[in-house]
Amino acid sequence: MFVVGLTGGIGSGKTAATDHLARRGVTIVDADLASRAVVAPGEPALDAIVDRFGAVLQDDGSLDRRALRDIVFSDEQARRDLEAITHPTIGRELYRQIHTSDSPYTVLVSPLLLEGSQKEMVHRILVIDVPPELQVARTVARDTVPETQVQAIMRAQMDRERRLAAAHDVVENHGPLRHLHERLDALHETYLELAQRHGG
Ligand code: ATP
């Protein structure tokens with residue numbers, strides 16, 4: 001199975017990109033979705049979180065993500081403990097989804113692709129890149145959150161230069177969506193070829 005890892009900073013256009021590739025028939029494995037699924041009520045990782053951090057739960061029994069974020073944001077050891085609980089399970093879930101994919105190649109989309117071990121699951125790294133001011137403008141328009149909050153998230157993410165240095169392919173997404181789609185269509189052809197060589 002040939003796997004393309006797709007990443008980029010907040011608001012760079014990862015979802016816009018994967019939506020387009022999905023329309024081309026590519027299976028998209030989404031690390032954000034998987035990280036939510038593994039802490040759903042009834043999942044062992046949620047029980048382990050409650051054992052470690054107390055009942056950080058909402059009334060319906062689901063994880064209170066905001067409360068947990070507040071705990072781990074200010075406590076390095078707590079963050080490491082949370083990662084030790086969730087990361088192996090997320091990794092296994094991503095692996096499972098990748099290996100049940102039946103498209104010619106598979107895209108693993110993750111904001112944290114390059115930070116941890118997820119990059120070891122991919123053969124090729126595609127970065128969606130936009131200038132920081134556009135990241136802020138698009139995220140504020142999408143989420144109606146304060147600009148300062150978006151900037152804080154950007155500071156916590158890998159910096160743009162390091163991300164670009166890790167990329168095999170870069171898609172610049174400062175233009176209209178049509179340009180994003182055209183560039184992705186060209187890359188799609190490349191990935192089909194690479195996948196064929198990889199498998200054959
Ligand atoms: P996050 O990391 O927060 O999940 P993301 O990288 O998935 O973000 P998107 O949600 O795809 O980013 O894009 C951010 C916003 O910018 C969305 O509202 C999207 O519709 C818009 N957008 C993406 N690309 C373009 C573009 N080329 N032109 C105009 N708007 C765009």
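Figure 1. Contact of helices α1 and α9 in the predicted model. A16, A17, H20 and L21 of α1 meet L177, L180, H181, L184 and H188 of α9. By class, these contact residues are six nonpolar and three polar, with no charged residue. α1 covers residues 14-23, and α9 covers residues 177-199. The two helices pack at an angle of about 55 degrees. Their axes lie 10 Å apart. Surroundings of the ligand. The ligand is surrounded by 16 residues. K14, T15, A16, R138 and R142 are the closest. Three helices each supply at least two residues of this shell: α1 (14-23), α6 (132-143) and α9 (177-199). By class, the shell holds six nonpolar, seven polar and three charged residues. A16, one of the closest residues to the ligand, is also among the α1 residues that meet α9.

**Figure 2. Contact of helices α6 and α7.** On the α6 side, the contact residues are P132, Q135, V136, T139 and V140. On the α7 side, they are E147, V150, Q151 and M154. The contact residues divide into five nonpolar, three polar and one charged. Helix α7 spans residues 147-156. α6 and α7 pack at an angle of about 130 degrees, with their axes 9 Å apart. That angle makes α6 oblique to α7. The crossing of α6 and α7 is right-handed.

**Figure 3. Contact of helices α3 and α5.** Helix α3 spans residues 44-53, and helix α5 spans residues 76-100. Their axes are 10 Å apart, at an angle of about 175 degrees. Angles over 145 degrees count as roughly antiparallel, so α3 is roughly antiparallel to α5. A45, A48, I49 and R52 of α3 meet D81, I85, T86 and T89 of α5. By class, this contact has four nonpolar, two polar and two charged residues.

**Figure 4. The five-stranded sheet.** β2 (27-30) and β5 (169-172) are the edge strands, and each pairs on one side only. From one strand to the next, the twist averages 25 degrees.

**Figure 5. Pairing of β2 with β3.** Strand β3 consists of residues 106-109. Four bridges join β3 to β2, and the two strands run parallel. D30 stands opposite V109 of β3. β2 is an edge strand.

**Figure 6. Pairing of β1 with β4.** Strand β1 takes in residues 3-7, and strand β4 takes in residues 124-129. Four bridges link β1 and β4 in the parallel sense. L6 stands opposite L126 of β4.

**Figure 7. Pairing of β4 with β5.** β4 and β5 also pair in the parallel sense, over four bridges. V127 stands opposite V170 of β5. β5, residues 169-172, is an edge strand of the sheet.

Definitions and conventions
Residues numbered from 1 in each chain as written. Predicted model: local features only at pLDDT ≥ 70, side-chain atom pairs only at ≥ 80, totals over all residues. Pairing = 2+ DSSP bridges. Axes fitted to C-alpha atoms, helices over the stretch in contact; angles between N-to-C directions. Near = placed C-beta within 6 Å. Nonpolar A, V, L, I, M, F, W, Y, C, P; charged D, E, K, R; others polar. Contact = placed C-beta atoms within 7 Å. Parallel < 35°, antiparallel > 145°, perpendicular 65-115°, else oblique. Left-handed = near helix turned anticlockwise from the far one by under 90°.
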